[in-house]
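Hi everyone, thanks for coming. Let's have the structure up on the screen, and then I'll walk you through a few spots.

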Amino acid sequence: MSLENNGGANGVAWDLKDLYSSLGDPKLDQDIAEAQRLAQEFETQYRGKISNLKLLDAAFLLQAIQKIESLYEIMDRPAIYASLVHAAKTDDATHGALVAKTRETRTKINQHLLFFDLELIKIPDDVATGLAKTPQLLKYAHFLEQKRAWKAHYLSEPEEKVVDVKTLTGRSAFVRLFDETVASMTYPFTQDGAEQKLSFQQINAKLYDADRSIRKAGAEGITKGLKEQNKLLSYLFNTLVLDHQNDCEVRKFPTPMASRHLANETSAEMVQALMDSVEKHGATVHRYYKLKKRLLGLPSLEDYDRYAPIQGDMPLVSWQDASKLVRESYHALSPEAGRIIDQFFDANWIDAELRQGKRGGAFSSSAIPSVHPYILMSYTGKMRDVSTLAHELGHGLHQYLSRKNGYLQCDTPLTTAETASVFGEMLVFKKLLEKYQEPKVRLALLCGKIEDSFATVFRQVVLTRFEQKMHKARKEEGELSSERFNTLWTEANQPMFGDSVNLSENYGYWWSYIGHFIHVPFYCYAYSFGELLVLALVQKYEQEKESFVPKYMDLLSRGGSESPVDLLARMNIDLNDPGFWGLGLKLLDRMVTEVEELATQLGK
């Protein structure tokens, strides 16, 4: 097996028939027409009747919520299908056309529904609180509470309609341009005098090669590819950062991060405590990379050496073996979890083959509750791909279990969205340690897990610090040059590595392909939140064993029907305790100590 034959994942493509059979499926247009009809009926039936509700009107409000929830599913189904088709192959013009069509029609339909949220928030506070406590509406209590949390940030209905329509040719258009540009980019890779043009997934894999010259050539190729599109990418970043700032201003958010905190159901104080705790443990990262330099026998550790394998001849893992390993890990957690995970493989809910034009990275789309989630990744046969598969299947498990809450409350805020994914990674990591007992391989696995955790905890705080710097500079200095972005990127990254890794001038360009900055401003701290939360949950699992599992599965099944603080309180975890974040960070420090001791035993 080799990377060239895709680690055995050739042909592993998702089957989207549970949404629509094809781009030409007549049901797609029928759903659009049905959503249009239902939206007009809904507006006629409920406009002007929500804001003046009384406590006795709980049944009436329940009927309205249930109708709009069902309507949202019908309205969103075509757009979700289009986005999945497009992600699988962004360079097909028909896919882009379908994305445009479904987004445009969805926006038109939504014009009939915007009034509902605006009337909900006008219900007097005492009435709204009382309605949410009635037996009829108890299921939707959190939904109603969260709608009202945004009360101060809504505009008038005419303004909301204009914003919704203009998004199509504004923010959404620029985000799509970024996605298609990055997905279609190629990167020059030169080896033995011969140059190839590689996709990002292919050239990024070179950074994990045991051969240092290949890693260096891969890094140079990434930089060259990013430089070629530097002008466009810089413009897109400038435009979308300004768009976010304008949105915050008109919606009266005090800071660029405030809207994300509200959506994440967290607070600025909690996030600051998280980030401060992570940065105070920077010495753990420095210790590890200095050890890695010694393990690799290098005079210095360059930025392109960060992902170098400790064990050069680490075994590749075929798709078949990876799927078996992951299935077994989830089955060992619980029969129910295993049964759900089996469906992803057996029913073709996963798209894993390498493909030109395929969107980079990996994700699990929750789709709609009446269907099921879908997973996209690019499998190359590396052990880290096994972790990615486990990670996305964790999301899939979470999304599948939470469907029972309905479309309005099935999705969690980003702060708890990573709970099942990172927990799944840990399950598979332990399985890998059981499978590979040879000390050198074990050392490499431990190092790989530490590096993955660093990427999820420390690096995501770095990315958030970069965003803070970027938004501040854009506001104070106006449109930023590529060189200014590069400087801000290096300034944000340097503290994480201290004097343990040399960051080159070329590395300064590597902010420009990261989609999280584009898709969801200030998304990244949620990864740190999730990883440290899961490290605490893993320790509870090890302590409580089987008694932990039903509580964990219940946590996942509740989706977004409760706040993160309330959900985790069910597990006896207090997210408001500033010292909580130190639990996971201390575990990472112990893992580094374990690697240091194992390296000494091996005479390294």
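Here's one to start with: is Trp511 buried or exposed? Keep in mind as you look that this is a predicted model. Trp511 comes out at 0% relative accessibility, so it counts as buried, the cut-off being under 20%.

Now let's see who sits with it. Trp511 forms an aromatic pair with Phe237, and the pair is edge-to-face, with 4.9 Å centre to centre and 85° between the planes. Phe237 is buried as well, with a relative accessible area of 1%. What I like here is that the pair links distant parts of the chain. Phe237 belongs to helix 11, residues 230-250, while Trp511 is in the loop between helix 21 and helix 22, and 274 residues separate the two.

For the model as a whole, the count is 39 aromatic pairs.

Next stop, Phe497. You'll find Phe497 in helix 21, which covers residues 482-497. Phe497 is buried too, at 2% relative accessibility. Which residues does Phe497 touch, leaving aside neighbours within four places in sequence? The answer is His286, Tyr289, Arg306 and Leu503. Glu336, on the other hand, has its C-alpha atom 42 Å from that of Phe497, and they are 161 residues apart along the chain.

Last, two charges over rings. Arg403 lies over the face of Tyr400, 3.9 Å from the ring centre. Lys435 has its charged end over the ring of Tyr436, at 5.6 Å from the centre. Thanks, all!

Note on methods: Residues are numbered from 1 along each chain as its sequence is written. This is a predicted model: local features need pLDDT of at least 70, side-chain atom pairs count only at pLDDT 80 or more; totals for chains, interfaces and linings use all residues. Side-chain values use heavy atoms; hydrogens and water are left out. Helices (H or I, at least four residues) and strands (E, at least two) are DSSP runs, numbered from the N terminus. Buried means under 20% relative accessible area, exposed over 50%, partly exposed in between (1.4 Å probe, protein chains only). Contact means heavy atoms within 4.5 Å. Rings of Phe, Tyr and Trp (its six-membered ring) pair if their centres lie within 6.5 Å; planes under 30 degrees apart count as stacked, over 60 as edge-to-face and the rest as tilted. A charge sits over a ring if NZ of Lys or CZ of Arg is within 6 Å of the ring centre and within 35 degrees of the ring normal.
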